[in-house]
Amino acid sequence: MNKYFLDLGKQPLANNYLKIYSNVQIKYHLKLFFNTKNKIVSISKRIPSEKMFNNTYPYRSSMSKTMKNSFFKLSLEIKKKFNPKKILEIGSNDGALIKNFDKKKVIGIEPCNNLAKITLKKGFITYNKYWNYKLAQKLKRKHGNIDLIYSANTLTHISNLNDVFRSISYLLSKKGILIIEDPSLLECMKKNSYDQFYNEHIYLFSAISVKNLLNKFNFEIFDIKNLSTHGGSIRYYIKKKSNKNLKINNNVKKQIQNEIKYGLHKFKTYKKFSNNVQRSRKNLLKILQKIKNNGKKIAGYGATAKAVTILNYCNINKDLIQNFIDITPEKINRYMPGKKIKILKYNRNILNNYDYIFLGAWNFKEEIFNKEKKFIKRGGKFITHIPQPKII
Ligand code: TMP
């Protein structure tokens, strides 16, 4: 049974950065639910994928050093540990991972045409398609079974998880490895990072819920790695149950125990989270209002989808945060979805115009602090809402 626990209000499409501001943007009610049976946390309203993942999708994995390094390291690990003959990535984005592999060995699946074009141009086999059973059948006919399937920050975006895993199970070889990587529900709860929820993130996984999901398809997790990317993610290493060659690492049990200890299997944990989030909104607004009253200026750093949730949930307007700053070409000179706050192109001097930076990309805090030593030196301050609103 799905039980409701948090209302994040009316939210626009998180990655719909408009060139010309309009106050009649379509908004969808963002409500969060906990399934008491399979322990999955999900949002209520499902928006057709075509509306979100199209030919103007602005998110690019290669925009941060942190992500590029993470993918590079993973590629080394995959080659060393599993040495796969054929690798498939579901949601290959702009190729941040696949570019680390031999072009003959790797296949990308990317529904956003503007992103698929990037890897196609570089000579990587890329299917500009949504991941589903029909595509899995086509791939099997053309390429045979695949021995390593990888997907980062993608499966949480796909409504029909049964179709996702059925298709993977069909295409993956008997001894094949599936690696999936997504934000960790445990970290989200601990950090009170409610901005992990936006209409693209249909699910937020825990090891408990992934285990339950996989069970139906005779898959099992054999290893788990906690990562710092995206504000705390989990990388799940998965195999078919029939493959007895790989031992199950103790990490899997440990992660599940930690999640149970925190109460991720109980509804009351989510009610507590909901109260924390409401308190976080009040406190963030207090901080921003005080800065405004002192006549100081604030810029958001990183025009993230996460920041869209915050702006629209807390109803933060241009009087509180004047601009956002970002390096992504697809976002520059556009407006933050739902708000008349313009995104400006990052340059080394732009921060001179502001006294405070609100960390929209709080998940890249270290990378940003390293980059903005000059701003810090001249007394510039950062604002974050993680794990609770404060000035750093
Ligand atoms: P994400 O948190 O969803 O990965 O998005 C990060 C956003 O922040 C993306 O739009 C790129 C942007 N960004 C910058 O503009 N400058 C930076 O130094 C970093 C690390 C990210």
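This dialogue shows how several features of the structure above may be read.

Q: What kind of model is this, and how are residues numbered?
A: This is a predicted model, in which local features need pLDDT of at least 70, side-chain atom pairs count only at pLDDT 80 or more, and totals for chains, interfaces and linings use all residues. Residues are numbered from 1 along each chain as its sequence is written, and side-chain values use heavy atoms, with hydrogens and water left out.

Q: Where is Thr-304 found?
A: Helices (H or I, at least four residues) and strands (E, at least two) are DSSP runs numbered from the N terminus. Thr-304 is found in the loop between strand E12 (298-301) and helix H10 (305-314).

Q: Is Thr-304 buried or exposed?
A: Buried means under 20% relative accessible area, exposed over 50%, and partly exposed in between (1.4 Å probe, protein chains only). Thr-304 has a relative accessible area of 12%, so Thr-304 is buried.

Q: Which residues is Thr-304 in contact with?
A: Contact means heavy atoms within 4.5 Å. Leaving aside neighbours within four places in sequence, Thr-304 is in contact with Tyr-17, Lys-331, Met-336, Gly-360 and Ala-361.

Q: Which residues does Ser-70 touch?
A: Ser-70, in helix H2 (residues 65-81), touches Glu-181, Thr-229 and Arg-235, not counting residues up to four places away in sequence. Ser-70 is buried, because its relative accessible area is 15%.

Q: How many aromatic pairs does the structure hold?
A: Rings of Phe, Tyr and Trp (its six-membered ring) pair if their centres lie within 6.5 Å; planes under 30 degrees apart count as stacked, over 60 as edge-to-face and the rest as tilted. The structure holds 15 aromatic pairs. In one of them, Phe-369 and Phe-382 have ring centres 4.6 Å apart and planes at 50 degrees, so the pair is tilted. This pair links distant parts of the chain, with Phe-369 in helix H11 (residues 365-371) and Phe-382 in strand E16 (residues 381-384), 13 residues apart. Both Phe-369 and Phe-382 are buried.

Q: Which residues do ring pairs link into a cluster?
A: The cluster consists of Phe-5, Phe-34, Tyr-270 and Phe-273, linked by ring pairs.

Q: Over the face of which ring does Lys-79 lie?
A: A charge sits over a ring if NZ of Lys or CZ of Arg is within 6 Å of the ring centre and within 35 degrees of the ring normal. Lys-79 lies over the face of Phe-101, at 5.3 Å from the ring centre, and Lys-81 over the face of Tyr-237, at 5.4 Å.
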